[in-house]
Amino acid sequence: METLDCRGQACPRPVVETKNFIEANVSVPLEVLVDNDAARTNVSRFAASRGYRVAVSEGEGHYRLTLTPGETVSVAPEPEIVPHRSGMAYGPRVVLFGSETLGRGNEQLGQVLAKGFFYTLTQADQRPDCLVFINSGVRLSCLGSPVLDSLEELAALGCRIISCGTCLDYFGLKEQLAVGEVGNMYSIVDLLNRASHLITLN
């Protein structure tokens with residue numbers, strides 16, 4: 001069994017190195033060493049999406065992830081890329097939030113605008129396929145968020161909600177995530193690259 005030592009590496013490096021190894025060594029069992037919760041979660045999720053069974057054990061100051069090929073694991077489906085009437089393909093519609101308020105200037109006004117924005121999305125005829133939260137925007141998907149009810153409704157309507165794991169860790173909110181899933185920079189960049197429409201809000 002090969003060993004990939006990713007200790008000391010920040011997101012998304014452990015996922016990228018694991019991806020590169022898996023693609024170059026098909027069906028080879030692998031151990032990945034990481035030293036933070038975000039890397040443990042992100043590598044495990046990525047490996048599972050590629051059909052690997054993942055076993056995690058904790059060592060002194062690190063995690064050992066044993067990846068065994070050949071086990072199909074059910075994961076959340078990616079938004080489908082479908083043909084447009086023009087004949088070209090288009091991907092998911094994505095909105096990226098980099099702040100917990102909407103717009104710049106007055107913070108209190110920004111909070112009011114954010115609450116109105118998400119409520120309006122729940123009532124709209126067309127909604128984004130994915131909402132991605134980074135930096136302080138991850139506060140919106142956590143317990144106590146003033147827009148949590150709207151986000152839960154959007155999730156029930158089929159909107160995928162992703163919050164940056166590194167950002168959640170930075171603000172100490174990993175255990176407070178209340179809706180959606182934890183993402184990593186590799187999966188977020190991949191999603192943005194496939195988007196047919198990308199709206200960035202700060």
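Author: Start with one residue and its surroundings. This is a predicted model. Leaving aside neighbours within four places in sequence, Asn 42 is in contact with Cys 11, Val 15, Gly 183 and Asn 184.

Reader: Where is Asn 42 found?

Author: Asn 42 sits in helix α2.

Reader: How far apart are the C-alpha atoms of Ala 38 and Cys 11?

Author: They are separated by 7.3 Å. Along the chain, the two residues are 27 residues apart.

Reader: Now the strands. In which sense do β1 and β2 pair, parallel or antiparallel?

Author: Parallel. Strand β1 covers residues 2–5, strand β2 covers residues 30–34, and four bridges join them.

Reader: What do β1, helix α1 and β2 make?

Author: A β-α-β unit, and a right-handed one. Its helix, α1, runs over residues 13–24.

Reader: Which residues of α1 are buried?

Author: Pro 14, Val 15, Glu 17, Thr 18, Lys 19, Phe 21 and Ile 22. Note that Glu 17 and Lys 19 are on that list. The buried residues of α1 pack against strands β1, β2, β3 (52–58) and β4 (63–69), and against helices α2 (37–49) and α6 (185–194).

Reader: How do I read the sheet? What is the strand order?

Author: Follow the pairings across. The order is β1-β2-β4-β3, in an open sheet of four strands with mixed pairing. β1 and β3 are the edge strands, each pairing on one side only. On average, neighbouring strands are turned by 20° against each other, direction ignored.

Reader: Which strands of the sheet does α2 touch?

Author: β2, β3 and β4. Helix α2 packs on the sheet, and its direction makes about 160° with that of β3.

Reader: Last topic: aromatic rings. What describes a pair?

Author: Two quantities: the distance of the centres and the angle of the planes. The count here comes to seven aromatic pairs. One of them is Phe 117 with Phe 118, at 5.4 Å centre to centre and 85° between the planes: edge-to-face.

Reader: How accessible are Phe 117 and Phe 118?

Author: Phe 117 has 25% relative accessibility, so it counts as partly exposed. Phe 118 has 1%, so it counts as buried.

Reader: And how do the rings of Phe 118 and Phe 133 lie?

Author: Their centres are 6.1 Å apart and their planes are at 40°, so the pair is tilted. Phe 118 lies in helix α3 (residues 107–123) and Phe 133 in strand β8 (residues 130–133), so the pair ties together parts that are 15 residues apart in sequence. Both residues, Phe 118 and Phe 133, are buried.

Reader: Which residues form the aromatic cluster?

Author: Phe 97, Phe 117, Phe 118 and Phe 133 form one cluster.

Methods. Residues numbered from 1 in each chain as written. Predicted model: local features only at pLDDT ≥ 70, side-chain atom pairs only at ≥ 80, totals over all residues. Heavy atoms only, no water. Pairing = 2+ DSSP bridges. Helix = DSSP H or I, 4+ residues; strand = E, 2+ residues; numbered from the N terminus. Right-handed = clockwise from strand over helix to strand, strands pointing away. Buried < 20%, exposed > 50% of the residue type's maximum accessible area, 1.4 Å probe, protein only. Contact = heavy atoms within 4.5 Å. Axes fitted to C-alpha atoms, helices over the stretch in contact; angles between N-to-C directions. Phe/Tyr/Trp six-rings, centres within 6.5 Å; stacked < 30°, edge-to-face > 60°.
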